[in-house]
Amino acid sequence: KHVAGEAKGVHYLLELLNRGHVVWALFRDRERRAAVASFLQERSGQPTPGPLRWLEGDVTAIDRSWPQWERQYPELRDVDHLLHSAASLRFYAHADGEPFRSNVGGAEALTRLVAIRPLQVHLVSTAYVCGLVTAGRVREVNHPRGHFVNAYEESKWEAAQIWAGRATILRPGVIV
């Protein structure tokens, strides 16, 4: 059973559901939840493809919300894996703290959650955390701090550092 973040994780969410996993999906915005549900229905042809449950909250407060959710939904205690794919995709630092608030703050909140509720964590990062590499291949699992082009890259690198050696870090690439 898994927890998947919303936002860019909709494809992971659909795949987990198609494979028969019970998935608890975290959402903070009802419009976004409706869009995700629409995407899932469109792709699967079913109102709800597989056993999907929703949790309303913010990834930066997941450690504080989890105990209440477990009291409300006892079956949440069966969750053993957490797929963290929620992220702020803002390229420049904003006054509201984004993208560091969601990307780094979310990773920190998840470490606090795992301290009280052990889970196997899978963190969706990005190939951009490797910074600017001009030659050769990057083979390191944890690339050293690079020269980042924007705040998004830096915030995702910082989040990955928090989980280094304690989670599976997935770094999908982007083809333009």
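How many of the residues of strand 2 (residues 23-27) are buried? Five of the five are, so strand 2 is largely enclosed by the rest of the structure.

1. Basis. This is a predicted model, in which local features need pLDDT of at least 70 and side-chain atom pairs count only at pLDDT 80 or more, while totals for chains, interfaces and linings use all residues. Residues are numbered from 1 along each chain as its sequence is written, and side-chain values use heavy atoms, with hydrogens and water left out.

2. Strand 2. Buried stands for under 20% relative accessible area, exposed for over 50%, and partly exposed for what lies in between (1.4 Å probe, protein chains only). Helices (H or I, at least four residues) and strands (E, at least two) are DSSP runs, numbered from the N terminus. Strand 2 is covered on both faces: V23, A25 and F27 are buried on one side, W24 and L26 on the other.

3. Strand pairing. Two strands pair if DSSP finds at least two bridges between them. Strand 2 pairs with strand 3 in the parallel sense, over five bridges. Within this pairing, V23 stands opposite L52 in strand 3.

4. Salt bridges, R30 and E56. A salt bridge requires a side-chain nitrogen of Lys or Arg within 4 Å of a carboxyl oxygen of Asp or Glu. Seven salt bridges are counted by this rule. One of them joins the side chains of R30 and E56, at 2.9 Å from N to O. The two residues are 26 apart and belong to distant parts of the chain, R30 to helix 2 (residues 30-44) and E56 to strand 3 (residues 52-56). R30 is exposed at 58% relative accessible area, and E56 is partly exposed at 38%.

5. Salt bridge, R117 and E70. These side chains meet at 2.8 Å, N to O.

6. R101 and E98 form a salt bridge with their closest N and O atoms 2.9 Å apart. R101 is partly exposed at 31%, whereas E98 is buried at 5%. A network of salt bridges links D58, E98 and R101.

7. Aromatic pairs. Rings of Phe, Tyr and Trp (its six-membered ring) pair if their centres lie within 6.5 Å; planes under 30 degrees apart count as stacked, over 60 as edge-to-face and the rest as tilted. The structure has five aromatic pairs. In one of them, W66 and W69, the ring centres are 6.2 Å apart and the planes are at 65°, so the pair is edge-to-face. Both residues lie in helix 3, three residues apart, about one turn of the helix. W66 is buried at 1%, as is W69 at 6%.

8. F91 and Y152. This aromatic pair is edge-to-face, with 6.0 Å between centres and 85° between planes. F91 lies in the loop between strand 4 (81-84) and helix 4, and Y152 in helix 5 (residues 151-163), so the pair ties together parts 61 residues apart in sequence. F91 is partly exposed at 47%; Y152 is buried at 7%.
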